Amino acid sequence: MEHENPARRPAMYALRGVSRECPENTLVSIRTAICQGYDGVLLDVQVTADGVPVLCRNIDVSAMSYAEVSRIDAGEAFAHKYRGEMIPKLSDALELCNSAGLRVWLNMELVSRDRERDVFLAGEGCSYCFRDAQQLMGTASAMPEVQLAYCGKMDDVVLRQISSLGDRLTIWTDQPQLSFLPVGQTRLVVMGVDSYDRLDEVCSRYAPAAVCTSGVVKPDVRRGFRADVHMHSEYSQDSTCPISEICAVARDRDFDLVCITDHCDIRPGHDAVSLLAYRKQTVAGIREKAKNADLQVLVGVELGGGFLEPALADRMVAAEDYDSVIGSVHGIMFRGVRQSTANCDFGQMDMQTTLAYFDGYLDAMLYVAEKLDVDILAHLTYMLRYLNGKYKLDVDWRIREDRIRQILSAIIQRGIPLEINTSCRGGVYDEWLPAKEIVDLYLEMGGYLFTFGSDAHVSKRIGSYYDEVADYLRSKGVRYMIYFQKRLAHQYSI
Ligand SMILES: [Zn+2]
Ligand SMILES: [Zn+2]
């Protein structure tokens with residue numbers, strides 16, 4: 001395919017930052033674009049009443065002071081994980097973009113003529129994008145040096161009018177099929193490229209200089225990279241695997257990165273102080289022991305039971321500088337007490353009670369998916385390992401398909417990846433968690449973010465069945481998986 005030839009690859013611009021996964025027009029959406037290898041970003045700029053350019057689209061801030069605007073949390077509404085991500089100043093965003101060599105296009109649609117100057121003063125090095133041809137031409141004569149783009153309604157009359165700008169002008173369009181457009185030229189950017197099929201089509205038919213995507217289509221980076229981002233070490237109570245052994249085995253199996261995610265399982269009435277101390281010791285211990293490893297070793301946490309004590313869960317997450325937080329459920333409150341799934345004797349329960357427990361489990365997963373501050377949703381069908389593996393009850397997940405769909409829909413909305421967990425593969429319950437059919441369902445529903453987790457508790461399980469997972473995802477048209485570093489999503493080609 002043409003875009004896989006680096007010479008023909010168009011530049012990739014992220015719309016409002018990586019707006020599918022992060023709150024749009026925020027610093028975190030820009031940082032994620034940098035992590036994921038984008039070449040540029042299109043951002044929406046507005047100017048406050050006291051003349052400060054800020055990034056924002058959905059709220060009209062033109063009558064507000066900067067002091068007021070700076071108190072608007074742009075992240076919380078998108079996902080709890082992004083709370084405190086405020087509307088940024090243009091100058092702060094540009095500093096970040098410039099430090100990473102990210103090209104910046106500013107959408108000037110929301111800036112009135114008399115406020116444009118404030119943006120030009122702050123926006124050195126940017127290119128400016130207009131939806132209104134008159135405004136574009138006005139700016140062109142006032143600012144003879146800057147690069148400009150037109151992204152409004154296009155017909156041949158408009159094109160004739162703006163063509164006088166020559167090389168200064170780039171045309172952004174979601175209708176590259178219009179016959180009068182400069183197809184195959186350095187001045188064409190195709191917008192709304194939100195599937196790999198569309199990318200292939202656009203590249204082969206129109207050969208644009210760049211494409212713009214909300215984040216579904218990723219730049220091809222780190223090809224052949226391999227990451228296992230869920231495993232346990234000597235610091236989990238249920239594992240004795242030394243860090244040095246984890247590193248050696250992972251390296252031996254051609255992994256470039258592991259994330260060690262020892263358990264923090266929260267129970268009602270847990271003593272926060274000792275839990276915090278234990279986590280601090282774990283994180284410091286892993287970092288120290290992994291110091292000289294010859295692969296990248298990240299430190300995360302598997303937060304179990306966070307739904308039981310959300311405030312404590314938040315505290316645990318905030319207390320350490322984690323690379324990732326995996327959300328999981330290993331037990332629920334059932335008939336007034338916490339009952340761990342692993343220790344529940346489903347052999348002694350009647351089916352009605354067993355299904356009531358299963359429902360409680362799915363409710364807890366839904367809570368994690370919708371509300372908790374997590375980066376990854378772990379082993380979605382963990383319970384089936386016991387129901388169908390240990391107790392051979394032959395429970396079909398489809399009897400709760402509605403609930404599973406709800407959970408998938410929540411993580412899709414929040415940009416939380418679905419973990420493919422291979423800890424059961426090859427055992428009594430010989431499936432991925434979740435099974436391929438649920439992976440298919442997630443894809444059908446519009447999900448596209450995956451992490452791989454062996455959930456190894458012994459070194460021989462590290463990275464197991466990675467190739468099977470990668471092959472399957474590739475066969476479904478998925479091009480990459482995700483890992484988190486400092487809680488920002490990085491992607492790699494599979
Ligand atoms: Zn787990
Ligand atoms: Zn685990």
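**Group meeting: helix α10 and the rest of a predicted model**

I start with helix α10, residues 310-319, whose buried residues are Leu312, Ala313, Met316 and Val317. Seen down the axis of α10, these fall within an arc of 135 degrees, so they line one face of the helix. The arc is that of the directions from the helix axis to the C-beta atoms. On the other side of α10, Ala311 and Ala318 are exposed. By buried I mean that 20 or more other C-beta atoms lie within 10 Å of the residue's own; exposed means 12 or fewer, partly exposed is in between, and C-beta atoms are placed from the backbone. The cover over the buried residues of α10 includes β12 (263-265), α9 (272-289), β14 (301-304) and β15 (325-328). Cover is a matter of contacts, and two residues are in contact if their C-beta atoms, placed from the backbone, lie within 7 Å.

Now the ground rules. This is a predicted model, in which local features need pLDDT of at least 70 and side-chain atom pairs count only at pLDDT 80 or more, while totals for chains, interfaces and linings use all residues. Residues are numbered from 1 along each chain as its sequence is written, and chains are lettered from A and ligands numbered from 1 in the order in which they are written.

Next, the whole protein. There are 15 helices and 22 strands. The radius of gyration is 25 Å, close to the 23 Å that the globule rule gives for 494 residues, so the protein is as compact as a globular protein of that length. That radius is taken over C-alpha atoms, and the rule is 2.2 Å times the number of residues to the power 0.38. Helices (H or I, at least four residues) and strands (E, at least two) are DSSP runs, numbered from the N terminus. Along the principal axes, the C-alpha atoms fill a box of roughly 80 × 50 × 50 Å. Of the 494 residues, 47% are buried. Take the contacts between residues at least 6 apart in sequence: 63% of them join residues at least 24 apart.

On to the strands. An open sheet of three strands has the order β10-β11-β13, and the pairing is parallel. Its edge strands, β10 (227-228) and β13 (296-299), each pair on one side only. Two strands pair if DSSP finds at least two bridges between them. Between β10 and β11 (residues 257-260) there are two bridges, in the parallel sense. In β11, leucine 257 is the bridge partner of alanine 227.

Strand β2, residues 40-47, is another case. Eight of its eight residues are buried, so β2 is largely enclosed by the rest of the structure. In a regular strand the side chains alternate between the two faces of the sheet. Both faces of β2 are covered, with Gly40, Leu42, Asp44 and Gln46 buried on one side and Val41, Leu43, Val45 and Val47 buried on the other. Strand β1 (residues 11-15) runs parallel to β2 and is joined to it by three bridges. In β2, valine 41 is the bridge partner of alanine 14.

Then a helix pair. How do α1 and α3 cross? The axes of α1 (residues 27-35) and α3 (residues 90-100) come within 10 Å and cross at roughly 10 degrees. That makes α1 roughly parallel to α3. The contact is made by Leu27, Ile30, Arg31 and Ile34 of α1 and by Asp92, Ala93, Leu96, Cys97 and Ala100 of α3. Axes are lines fitted to C-alpha atoms, for helices over the stretch in contact, and angles run from 0 to 180 degrees between N-to-C directions. Angles under 35 degrees count as roughly parallel, over 145 as roughly antiparallel, 65 to 115 as roughly perpendicular and the rest as oblique.

Last, some loop residues. Asparagine 25, in the loop between β1 and α1, has phi near 55 degrees, a positive value in a residue other than glycine. With 27 C-beta neighbours inside 10 Å, asparagine 25 counts as buried. Aspartate 455 sits in the loop between β20 (450-453) and α15 (466-475), and has a positive phi of about 55 degrees although it is not a glycine. Aspartate 455 has 24 C-beta neighbours inside 10 Å and counts as buried. The peptide bond from leucine 433 to proline 434 is cis, with omega near -5 degrees; proline 434 lies in the loop between β19 (418-421) and α14 (436-444).
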